[in-house]
Amino acid sequence: MSEELDRVTTRIREAHAELTPLLKVARDARIGRAEAAGADSSAVCAWNHFENIPTFFNWNNRPR
Amino acid sequence: MPSYVVMQPTTLCNLDCSYCYLPLRAADHRMSPEVSRAVAADVNRWVTGQRFSVVWHGGEPMAAGREHLARLMEPFAPEVEHHLQTNATLIDDAWCDFFRAHNVRVSVSIDGPERHDEARRTRGGLSGYPRIIKGITTLRRHGLPFAALCVVSSPGPAVAKDLYAFFLDLGCEVLGINIEEREGVNERDNRHAAADVRAFWAELTSAWRDDPSIHVREIEWSLRYVSAVLDRTDGDLLPRRLDPIPTVGYDGSVVLLSPELAGFTHDRYGDFASGNVLTTPLATLLREPAALPWVSEFVTGVENCRATCPYFGFCGGGHAANRFFEHGRFDGTETEHCRNSKINLLEGVLDHVRGA
């Protein structure tokens, strides 16, 4: 069962090389949008504070 | 304590979208200032130790009118962040002045260009699109930043590229994509071929990559998870505690976890309400949410997901309303919503990097 539960994370790790450039795009974009940690947030960027995303912007609130 | 509370200033909506889940949207039941004062009594304590948001939702919250909305906002401390989810049709210069004066952060509901926005109808059956665009244009003229929520009813190939281009042109800073859900009074079938949904998300990722200037909620969360898996920190990603997300209805009744459950009753679960802020403080209502049988059943459902689903680390367990409206109970596991908006989202992002 554990192998079955791990199959998604295993595939992600196998795609490490392909994912790395995409993650860099995301990181650079966050800096461009002033969302990086420590950046001066605009009003709307406050929505993106991951622990404070309102209503239907909430991704999940499930306990671990 | 929660990080935000959803408030329903009125049940009324001036649009009648075909996929809407709200049962009372044709009726104008308005929240009384007594209800907002009761909520503010606790929120004003909570905001001293953390950021806290009040989300004005509806119905269409602007249908309550500026004067009434101002009265409802008045009891909240200045540190409380106000957010408003609107169909944008009522936005004019006076409302923009109101948003600025009350520091309200606005999110508009729009499903893309007019050919994708056909579900959005006035009560007379006309397209709501011209008024929606007029309202957003007014927001932009006033220099007010905004987010957007987009419902996609038919995800598939050759949809996302045009859609993303539209939102780039619209000028929103944040975008959330909701694949249409079967919930509330919306009983439309939300089953789609997995290949179509994956193709939609893969194409969206590709379009976003070409110009990532919009914060797209689904892509951000996917890449946040992927990054954590690669860093082997994914075990720390999900919140450790349940955020109760209280929804306070117009009459002061409180429903936890899923705003979509408000206004519904069920033989086994009753009206889903935890109580009413007019008789019991909100903090008290939040103290033991698992004492409600349906919440307890929901927690069991989350644990069932954790035990069986390889996507749990990404998703954290299906939402309460999706479980209830798709399965008729809360302890089931995979829903169509899971497949459309979590599983095939992550697979679509992976398809994109694989060049599938």
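Trainee: How many residues of strand 5 (residues 146–152) of chain B are buried?

Mentor: The strand is mostly covered, with 7 of its 7 residues buried. A residue is buried if 20 or more other C-beta atoms, placed from the backbone, lie within 10 Å of its own, exposed if 12 or fewer, and partly exposed in between. This is a predicted model, where local features need pLDDT of at least 70, side-chain atom pairs count only at pLDDT 80 or more, and totals for chains, interfaces and linings use all residues. Residues are numbered from 1 along each chain as its sequence is written, and chains are lettered from A and ligands numbered from 1 in the order in which they are written.

Trainee: Which residues lie on each side of strand 5 of chain B?

Mentor: One side holds B:Phe146, B:Ala148, B:Cys150 and B:Val152.

Trainee: What joins strand 4 of chain B to strand 5 of chain B?

Mentor: There are 4 bridges between strand 4 and strand 5 of chain B, and the two strands run parallel. Two strands pair if DSSP finds at least two bridges between them. B:Ser109, for example, has B:Leu149 of strand 5 of chain B as its bridge partner.

Trainee: And how many bridges connect strand 5 with strand 6 (residues 174–179) of chain B?

Mentor: Those strands of chain B pair over 6 bridges, in the parallel sense. In strand 6 of chain B, B:Asn178 stands opposite B:Val151.

Trainee: Let us change topic. Which residues of helix 3 (residues 93–101) of chain B are buried?

Mentor: B:Trp95, B:Cys96 and B:Phe99 are the buried residues of helix 3 of chain B. Helices (H or I, at least four residues) and strands (E, at least two) are DSSP runs, numbered from the N terminus.

Trainee: Why do these three sit on the same side of helix 3 of chain B?

Mentor: They do so because they cover an arc of only 100 degrees around the axis of helix 3 of chain B, taken from the directions from the helix axis to the C-beta atoms.

Trainee: Which residues are on the other side of helix 3 of chain B?

Mentor: B:Asp93, B:Ala94, B:Asp97, B:Arg100 and B:Ala101 are there, and they are exposed. Just after helix 3 of chain B, B:Asn103 takes a positive phi of about 50 degrees.

Trainee: Finally, what elements does chain A have?

Mentor: Chain A has 3 helices and 0 strands, running α-α-α from the N terminus on. Of its 64 residues, 28% count as buried.
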